[in-house]
Amino acid sequence: MVAEVYFTDMRARQGLNMLDKLERLFDAAGLEEIISPGDLVALKVHFGERGNTGYVRPQFVRRIVDKVKARGGKPFLTDANTLYVGSRANAVDHIQTAIENGFDFAVVGAPIVIADGLTGKDYRHVEINGKHFREVKIGTAVLDADALIAITHFKGHEMTGFGGTLKNLGMGLGSRSGKQQMHSDVKPQVDPEKCIGCEKCQEWCPGAAIYTEGGKSVIAKDKCIGCGECTVTCPVRAIAIRWETKPDVIQEKIVEYTMGVLKGKEGKAGFITFLTNVTPDCDCCSWSDAPVVADIGILASKDPVALDQACVDLVFKARGNPASALGRDDVEDKFRALHPDIDWRVQLEYGEKMGLGTREYRLIKL
Ligand code: SF4
Ligand code: SF4
């Protein structure tokens with residue numbers, strides 16, 4: 001099977017600006033077909049960490065919002081809370097950061113609904129029967145939406161080599177404890193120096209693995225199922241998040257979470273990716289380093305694997321930016337050059353294997 005990936009470059013002129021070209025791309029890729037009148041339509045965006053400037057500009061998101069409305073859909077912008085302590089770890093901080101970064105209703109014309117709720121506990125289990133997870137934990141707002149459009153900023157990534165649509169959906173829409181599961185193969189431990197004995201972790205532990213000893217909580221390793229609930233529940237962060245997993249494994253886990261996000265959305269999901277500001281690292285960083293290639297264009301497809309593969313190929317063909325972290329212009333595999341220990345192919349190969357799409361595609365230039 002060969003998937004269709006639509007592409008528009010960055011050339012613009014009077015009467016045809018990039019917003020108009022985005023609209024043409026949306027139409028050409030048939031994304032209006034996934035929306036029926038009255039549908040609640042989740043637009044998955046990354047609002048950017050505070051200090052980051054690489055994310056997709058709100059003006060572009062506004063144009064997609066308008067397209068969804070024209071079709072009779074009810075769009076909302078969404079993302080799930082982050083696991084790490086930053087400016088998006090709960091819904092209040094997350095929305096505040098989004099607004100500071102320009103995703104205000106007055107600009108984008110749609111409300112923000114954080115997918116996994118106020119503190120990241122608003123999720124449901126989705127059965128996927130993968131190699132790593134039987135079930136995954138996906139933010140409720142996305143599961144309850146009738147349709148989904150992923151709006152992705154493509155860039156390098158410190159954990160997965162590159163971050164594209166699969167990463168945007170899988171890691172992005174996993175709940176906070178879901179993110180812990182993806183990030184860590186190591187069971188958590190309580191730091192007795194920090195523990196205040198409030199027992200909140202015990203209330204949330206689904207494995208009944210935590211007990212009190214000497215006024216402090218202790219985790220019984222034989223009962224712990226590694227769900228990560230306690231790490232995001234502790235008010236004093238006495239249960240450390242242990243960022244330990246192999247690059248290949250985290251990519252496969254992200255694919256399995258993406259399967260959970262897209263389950264039940266057959267024929268109701270579309271994907272738009274911006275190959276602009278291709279920074280070396282994720283938009284979760286509180287900075288955006290110099291892009292490693294010049295802006296390439298915008299792509300759209302109904303196949304997330306084909307879309308990511310097409311983006312990789314276009315970045316490979318582009319001349320490197322010697323004034324970026326690459327430091328030279330003649331390197332083809334920019335992601336391997338930036339993150340030498342990570343084989344980014346794993347996410348594409350595993351995504352294809354698990355039936356999310358195909359790496360075979362036809363690039364249709366508008
Ligand atoms: S990771 Fe989950 S099962 Fe293990 S102690 Fe924490 S809450 Fe309990
Ligand atoms: S939630 Fe944190 S502070 Fe409270 S008992 Fe558990 S580990 Fe200790």
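This is a predicted model: local features need pLDDT of at least 70, side-chain atom pairs count only at pLDDT 80 or more; totals for chains, interfaces and linings use all residues.
User: How many residues of S5 are buried?
Analyst: Strand S5, residues 135–139, is mostly covered, with 4 of its 5 residues buried.

User: OK, zooming out. What domains is the protein divided into?
Analyst: Domain 1 takes in 3–183 + 244–365, and domain 2 is 187–241. Their C-alpha centres lie 33 Å apart.

User: How many residues are in contact across the two domains?
Analyst: On the domain 1 side 6 residues are in contact with 7 residues of domain 2. Those on the domain 1 side divide into 1 nonpolar, 4 polar and 1 charged.

User: Now the core. Which residues have the most contacts inside the largest one?
Analyst: Leu43, Val142 and Leu299 do, in a nonpolar core of 92 residues. The element that gives the most to this core is helix H11 (residues 304–317), with 8 residues.

User: What else is there besides that core?
Analyst: There's a second, separate core of 10 residues, and Cys195, Ile219, Cys230 and Cys234 are among them.

User: Back to Leu299. What is Leu299 in contact with, leaving aside its neighbours within four places in sequence?
Analyst: Its contacts are Val5, Tyr6, Phe7, Thr273, Leu275, Leu307, Ala310 and Cys311.

User: And its strand, S12: why is S12 largely enclosed by the rest of the structure?
Analyst: Because 5 of the 5 residues of S12 (residues 297–301) are buried. Gly297, Leu299 and Ser301 point one way, Ile298 and Ala300 point the other way, and all are buried.

User: Which way does S12 run against S1?
Analyst: Antiparallel, with 5 bridges joining S12 to strand S1 (residues 3–9). Tyr6 is the residue opposite Ala300 there.

User: How many bridges join S11 to S12?
Analyst: Strand S11 (residues 269–275) is joined to S12 by 5 bridges, again antiparallel. Phe274 has Ile298 as its bridge partner in S12.

User: What about the loop between S11 and S12? What's phi of Asn277?
Analyst: Asn277 is in that loop, and its phi is near 50°, a positive value in a residue other than glycine. As a rule, most residues other than glycine have a negative phi.

User: Is Asn277 buried or exposed?
Analyst: Asn277 is buried, having 21 other C-beta atoms within 10 Å.

User: Does Arg237 count as buried or exposed?
Analyst: Arg237 counts as exposed, because it has 12 C-beta neighbours inside 10 Å.

User: Switching to ligands. Which residues are closest to ligand 2?
Analyst: Cys195, Cys198, Cys201, Ser217 and Cys234 are the closest of the 14 residues that surround ligand 2. The shell divides into 9 nonpolar, 3 polar and 2 charged.

User: And which are closest to ligand 1?
Analyst: Ligand 1 is surrounded by 15 residues, the closest being Cys205, Gly207, Cys224, Cys227 and Cys230. That shell has 11 nonpolar residues, 3 polar and 1 charged.

User: On to helices. How many residues of H7 are buried?
Analyst: H7 (residues 176–183) is mostly covered, with 8 of its 8 residues buried. They include Arg176, Lys179 and His183.

User: Which residues of H13 are buried?
Analyst: In helix H13 (residues 345–353) they are Val346, Gln347, Leu348, Tyr350 and Gly351. They pack against helix H6 (165–173), helix H10 (247–262) and H11.

User: What follows H13?
Analyst: Gly355 follows H13, and its phi is positive, near 85°.

User: Last one. Where is Glu100 found?
Analyst: Glu100 is in helix H3 (residues 91–100). It counts as partly exposed, because it has 14 C-beta neighbours inside 10 Å.

Key: Residues are numbered from 1 along each chain as its sequence is written. Chains are lettered from A and ligands numbered from 1 in the order in which they are written. A nonpolar core is a set of buried Ala, Val, Leu, Ile, Met, Phe, Trp, Tyr and Cys residues joined through C-beta atoms within 7 Å. A residue is buried if 20 or more other C-beta atoms lie within 10 Å of its own, exposed if 12 or fewer, and partly exposed in between; C-beta atoms are placed from the backbone. Helices (H or I, at least four residues) and strands (E, at least two) are DSSP runs, numbered from the N terminus. A residue is near a molecule or strand if its C-beta atom, placed from the backbone, lies within 6 Å of it. Ala, Val, Leu, Ile, Met, Phe, Trp, Tyr, Cys and Pro count as nonpolar, Asp, Glu, Lys and Arg as charged, and the others, Gly among them, as polar. Two strands pair if DSSP finds at least two bridges between them. Domain bounds come from an automatic or database domain assignment.
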